[in-house]
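Look at the model first, then read on.

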Amino acid sequence: MSLPPNKLPTGPIQQAWTERKFSMKLVNPANRRKYTVIVVGSGLAGASAAATLGELGYNVHCFCFQDTPRRAHSIAAQGGINAAKNYQNDGDSVYRLFYDTVKGGDFRSREANVYRLSEVSVNIIDQAVAQGVPFAREYGGLLANRSFGGAQVSRTFYARGQTGQQLLLGAYSALERQIARGTVTMHPRTEMLDLVVVDGRARGITVRDLESGKVSSYVADAVALGTGGYANVFYLSTNAKGCNVTATWRAHKRGAYFANPCFTQIHPTCIPVAGSYQSKLTLMSESLRNDGRVWVPKDPEDCGKHPSEIAEGDRDYYLERKYPSFGNLSPRDIASRAAKEACDDGRGVGPSVEGVRRGVYLDFADAVKRLGKPAVSEKYGNLFEMYQRITGEDPYEVPMRMYPAPHYTMGGLWVDYQLQSTIPGLFVIGEANFSDHGANRLGASALMQGLADGYFVLPFTLADYLAGMKPGGLDSTHAAFKDAEREVAQRTNTLLNIKGKRTVDSFHRELGLMMWDTCGMARTDEGLSATLKRIPELREEFWKNVTISGSGAELNQSLEKAGRVADFLEFAEVMCLDARTRAESCGGHFRTEFQDQGEAQRNDAEYTHASAWEYTGAGNAPNLHKEPLTFTYVKPVTRSYK
Amino acid sequence: MRMKLNVWRQNGRDAKGAFQKYDCPDVSEHMSFLEMLDVLNERIESEGQDPIAFEHDCREGICGSCGFMINGAAHGPQPRTTVCQLHMRSFKDGDELWLEPWRAKAFPVVRDLVVDRTAFDRIVQAGGYISTNTGSAPEANAAPIRKDSADKSFDAAACIGCGACVAMCPNASASLFTAAKLAHLNLLPQGQPERLIRSEKMVVQMDVEGFGHCTNHSDCEAVCPKGISVTNIAMMNLGYVQATLLSSPREGSTDD
């Protein structure tokens, strides 16, 4: 099947969304309760969508695998949320936010989607404040802003270091209000394990109750996935342990195309791995680079020494050396790659894990000298405490150690402008879709996109879809549901009956390390080809030799993990394939072969498109569909930070 | 380091539980507490036994999933720290530890160290929101909010819903949780129209769920990983009294 039309608006971009909203069909208020909508995921996108659809009067069912919707991983976002309010009178506008986001995405996103995102960003702040989200304020009582991620304007709204939690609690409280009103039925501890498609339309999902193990189905008139990203394909990432690709991958196997899976974001300032037992990585706010100086020893012989024994002249402040104009504030992708190069060069610091020291210093000694300890403490005190709690080291005495870690995934299921996937009736929102960030996401834009989709885009586009169809007419006795339930149950039984020798985590760690080495910060044709050969072997071993205790009829966390790792083992292949096929460097995708004196070399002539992959059956190569991208308003230029 | 663990094992809600001993001989002081359990679980599982079930997700101290008792202290010995952020350097070589799930009638044990905390969601459903539909919001800066009110509201809003307050309270009271939710909204101008009805309904729901009452032990504040203050409980009580005794007829009813 060729790629369906992307339904992008024509005409001036400034009026496009307003006009589209007017031209879309509506559902009569009295009829809305007759339509059932399933929302999977309860993060910023899922919770805001479920709450808003409930308010409108649809019959909503919302699912999450956690014990309560408030725990979705959006909760962990620290930095902030962008909005083009221009409260600081510093020249910001919807157009500027749009421009920055298209450029920041390295010209691999859709202009119309990004413009809409920028446009509704201002409504998100209004909505959140009305819900009681306690954003930072000035003494005059008005909202405070800060500049974030190298932006030249202060457009980021924040709530101390926990903007994600506060925005999610806003959406969660709106969701709980609808649950109390009976418009939304919440299904916590319930994992979606398949999408059910009937007559070419998404009509429901098959789920497993994680406490009882019961497999069942829910029927709906439309399904929306807000199930987040896939950074845990790397095993070690800043994502929560439960984050997974299962919902989107299983939808992919039912016909939804997966777009740009190789576009991943590696965050430069995370606490390095301490040992082989490491279970996840912790992000430290990017703001630390405002005052900290990044360095490694010039001589690999010095790497084992205490940093205080390394003389000033023997230190390599490599970001300041390579990028004199941006220095320590170089963008995320550039700072991350430079840290990797230094460590690959044998000049990393900190404990050696499996023979390599992977860490660089982030030193506040100069800042303490210049500003004094109280000023440094006021700005970064809570981050220093967090660092000390994890590492046992005091950043006032010893430089912090940092290393990049996978953090966010720009790729996701392909959607048109209406947020509908290639399966009619399947909508995809938030990090789970691919549409707004291109090849690189700007800081403080993830929260914005999740809430934009859930509060202000999906409720309109979903109505347009539902208005064109009659509600109901189907129940879960339909063969498609019974087949899906049988397949899910069989898969569970197969997993439990392998009774091999290796734990699920050991497979996940091996896959993750391989992906990190060859499909992480720097990728080569050779490395990707080797991994593409190795993944099917590892997958085969998994299905022969994994061990999972317990049964399927109880709370079984190993079984849950096994299902997710099995999907990562399939997904990793299309991710590597996408990375190998895209023979250019752009944003977070750096192909070592395509660089100009160390800088990413984009190839606009051949790769100004989104890559959408179609599943063609187990063991078959997926089909690639290209959606050309056009830039009418923001002309592609080369990013330079030297 | 070598740790001796006694872990509560319980197969399901209605099963009988018991402590089981585990020896952890190779613990690194740099491991988090949960990483120690990960390593133990991998060993238990490769020996064909069921791994210890415990709740966790973000492992950054913000999602509120994790939490159990370590030697009688919710989240263990380090103040202001969830168990996922607790590192083994807080213990001594050879320590013997007792791991138990949160104990409260309103938090039934699901399995091992996992409990059911959906009672918290139902307390929020009773009124822990501001009734504003998407799209109906006024311009965000139209109503300035005093910075001290906004800051106090934030201090309460920092609650991560982990349930340590309930677990540590001799009465298994959810007062600190409920009071934090109330203070977050009641201290803001947006929260005023529903302040009294919210206070009444959430306190009543807390009772319905089977949580105990507050008798000012303050153990909740001591173990709260986010340092939520017990002064919020005083505010909750004031709001409840105003709602039930001093105000009639009641104003500001909600839409449900």
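Contact means heavy atoms within 4.5 Å. Domain bounds come from an automatic or database domain assignment.

## Basis of the model

This is a predicted model, where local features need pLDDT of at least 70, side-chain atom pairs count only at pLDDT 80 or more, and totals for chains, interfaces and linings use all residues. Residues are numbered from 1 along each chain as its sequence is written, chains are lettered from A and ligands numbered from 1 in the order in which they are written, and side-chain values use heavy atoms, with hydrogens and water left out.

## Two domains in chain B

Chain B is assigned domain 1 (3-111) and domain 2 (119-246). Their C-alpha centres lie 29 Å apart. Across the boundary, 19 residues of domain 1 of chain B are in contact with 19 residues of domain 2 of chain B.

Buried area is the accessible area (1.4 Å probe) that two parts lose on being put together, summed over both. For domain 1 and domain 2 of chain B it is about 1400 Å². Carbon and sulfur atoms give 66% of that area.

## Two positive phi values

Most residues other than glycine have a negative phi. Arg80(B) has a positive one, near 55°. Arg80(B) sits in the loop between β4 (73-74) and β5 (96-100) of chain B. Helices (H or I, at least four residues) and strands (E, at least two) are DSSP runs, numbered from the N terminus. Arg80(B) is exposed, at 52% relative accessible area. The classes are buried (under 20%), exposed (over 50%) and partly exposed in between (1.4 Å probe, protein chains only).

Ser218(B) also has a positive phi, near 65°. Its loop runs between α6 (195-208) and α7 (219-223) of chain B. Ser218(B) is partly exposed, at 34% relative accessibility.

## A cavity lined by both chains

A cavity is a set of points on a 1 Å grid over the protein atoms alone where a 1.4 Å probe fits but cannot get out; lining residues have an atom within 4 Å of a point. Grid points are joined across faces, edges and corners, and a volume is the space filled by probe spheres set on the points. The whole structure holds 14 cavities of 30 Å³ or more. Of its 46 lining residues, Gln557(A), Glu560(A), Lys561(A), Arg564(A) and His56(B) are the closest to its centre. In this lining, α16(A) gives the most, with seven residues.

Definitions and conventions: 1 Å grid on protein atoms, 1.4 Å probe; cavity = no way out; pocket = protein on both sides within 12 Å on 5 of 7 lines; lining within 4 Å.
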